[in-house]
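This report describes one protein model for a reader who has not seen it before. The sequence and structure come next, followed by the description.

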Amino acid sequence: MKLFTKLLTASFILFGYTLFSQWTNIPNPKGVVGYITLPVANNKIIYIVNDYGPSPGSPKNAYAYMSNDLGQKNLIYSQHVDAWYTCNLIYVSSYNDSTIAFNQNVSYYGIAYSANGFKTHDYLSIGGTSIKSSFNTSRHLFVLQRTLYFNPDTLVFKRMSIGNPIPEDTSYLYGYDTNSEIDEKMRFINDSVGFILTKYASNTSKTVLLKTQNYGTNWTEINTDSINGITAYSFSSNSIGYITKTNGSICKTSDGGSSWSVLISPTTNTINCIKFSNDTLGYIGGDNGFLKKTLNGGASWINEISGTTENITNIYTFDTIAYFKTAQGSLFKNISNVNKQQNVVRSFNDFVIYPNPSQGIIYIDFIKDESGETSISINNLLGKEVYHLQNVSEELNFSEILNVSQLDNGVYVIKITNAGKSKIQKILIANK
């Protein structure tokens, strides 16, 4: 079957149509090298740059920029010191594109944060030692750190109200591995419900997912595994969540973690990250550009053409818009939304149909010349219609997802008609 697909692909290229990625690389802002990156909204990305100076005792500078998808940046935060200690931004987290926090160590570990996009900002001294993670919600700032004052196998969790330098609550989580380097290990989905992915201090092969429902005052283990370790998790609500494991399996809970069911049997793919933007739309990413998407809550998964062979380590979603980041720091965005953002798709003449070839799902995006009815038909090379769709909408922005997994492998002709005008394009289906 692989040989058949290759032959189809080769014949398809002979028709004069190029194959392209569903995702596109977002350019680095000019002058930004060696950075920490975090998408905080559609077309809004935070970049952090640390300048340590040529030698100890020389000035140190740290900068944070807000950039768009085209790499156009604005400075939103900076820190400068002339002392022996470092000025270093080590982590960034956000609730939205204006409520942002930067973990930093300017002689003393702390967090600079803003609720208005850093038009003004405040600073909290945290103390202890390395801050592992922080996360903003609308009212609270959550901090996870190691401590120098208790048993080394102790994670310290703090909850702070925005604008209040005194922690409201501090919890000590004993017996967990404080050196665990699982990226983005703590996340809160609202002001009270949050999760921590960590390991046992006594057995670092045993991973554990912790959950709180009372602002971090108490934590409960909702999944542990010492054979197939948990690699990532994502909760779209208090009830529905997903975890991935080292054997390539994906598990789902619909009751907040009380019970789990296996969605995908173990595979040879390494899954590094999972992210759901709602209860049905989600992505998984892994090594060598491995990327899949689900539209039905994980019941089935569609291969995405990531456009990279780098290892995918993080995925970020904002409604239907998604970004992913690689181990090398590259940032990618799903291409249909980039096209719209960069004003590429602006007329019926510039419609986009992807991926090509398709494994059973086809996306169509364009701006209609006129509102009203749009029809889509798919014919085989003998001219027989095998798929038809009538879409009636007053919206000019047209976006449709076609499920053509029932069609046989082969080359087809897609015809789109709007306001008396028609456009055609050939597409290869290779889903078996």
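A contact means heavy atoms within 4.5 Å. Among the contacts in the protein with a separation of 6 or more, 43% are between residues 24 or more positions apart. This is a predicted model, in which local features need pLDDT of at least 70 and side-chain atom pairs count only at pLDDT 80 or more, while totals for chains, interfaces and linings use all residues. Residues are numbered from 1 along each chain as its sequence is written, and side-chain values use heavy atoms, with hydrogens and water left out.

**Overall make-up and confidence**

The protein has 2 helices and 35 strands; helices (H or I, at least four residues) and strands (E, at least two) are DSSP runs, numbered from the N terminus. Of its 432 residues, 53% count as buried. Buried means under 20% relative accessible area, exposed means over 50%, and partly exposed lies in between (1.4 Å probe, protein chains only). The accessible surface of the protein is about 19,000 Å², and carbon and sulfur atoms hold 49% of it. Such areas come from the Shrake-Rupley method with a 1.4 Å probe, and for residues only the protein chains shown count as cover.

The predictor's confidence in each residue is given as pLDDT, from 0 to 100. Its mean over the protein is 81, and 81% of the residues reach 70 or more. Confidence is lowest in helix α1 (residues 2–14), with a mean of 44, and highest in β20, at 96. Over residues 1–20 pLDDT stays under 50, and the model has 30 contacts beyond four places in sequence for them.

**Strand pairing**

Two strands pair if DSSP finds at least two bridges between them. Gly285 stands opposite Leu291 in β24.

Another antiparallel pair is formed by β10 and strand β11 (residues 140–145), over 5 bridges. A hairpin of 3 residues joins β10 to β11, and Asn136 stands opposite Leu141 in β11. Strand β10 (residues 131–136) is mostly covered, with 6 of its 6 residues buried.

**Aromatic rings and charges**

Rings of Phe, Tyr and Trp (its six-membered ring) pair if their centres lie within 6.5 Å; planes under 30 degrees apart count as stacked, over 60 as edge-to-face and the rest as tilted. The whole structure contains 20 aromatic pairs. Tyr242 and Phe276 form a stacked one, 3.7 Å centre to centre with 0° between the planes. Because Tyr242 lies in strand β19 (residues 241–245) and Phe276 in strand β22 (residues 271–276), the pair ties together parts that are 34 residues apart in sequence. Tyr242 counts as buried at 0% relative accessibility, and Phe276 is buried with a relative accessible area of 2%. Elsewhere, ring pairs link Trp23, Tyr283, Phe324 and Phe332 into a cluster.

A charge sits over a ring if NZ of Lys or CZ of Arg is within 6 Å of the ring centre and within 35 degrees of the ring normal. The table lists two such cases.

| Charged residue | Ring | Distance from ring centre |
|---|---|---|
| Lys73 | Tyr65 | 5.2 Å |
| Lys206 | Tyr200 | 4.7 Å |

**Residues in loops**

Gly256 is found in the loop between β20 (250–253) and β21 (261–264). At 8% relative accessibility, Gly256 counts as buried. Leaving aside neighbours within four places in sequence, Gly256 is in contact with Lys211, Ile222, Phe235, Asn238 and Ser239. Gly256 and Ile240 are 16 residues apart in sequence and 6.0 Å apart in space, C-alpha to C-alpha.

Most residues other than glycine have a negative phi. Tyr215 has a positive phi, near 70°. Tyr215 is placed in the loop between β16 (207–212) and β17 (220–225) and is partly exposed, with a relative accessible area of 29%. Asn288 also has a positive phi, of about 60°, although it is not a glycine. Asn288 lies in the loop between β23 and β24 and counts as exposed at 58% relative accessibility.
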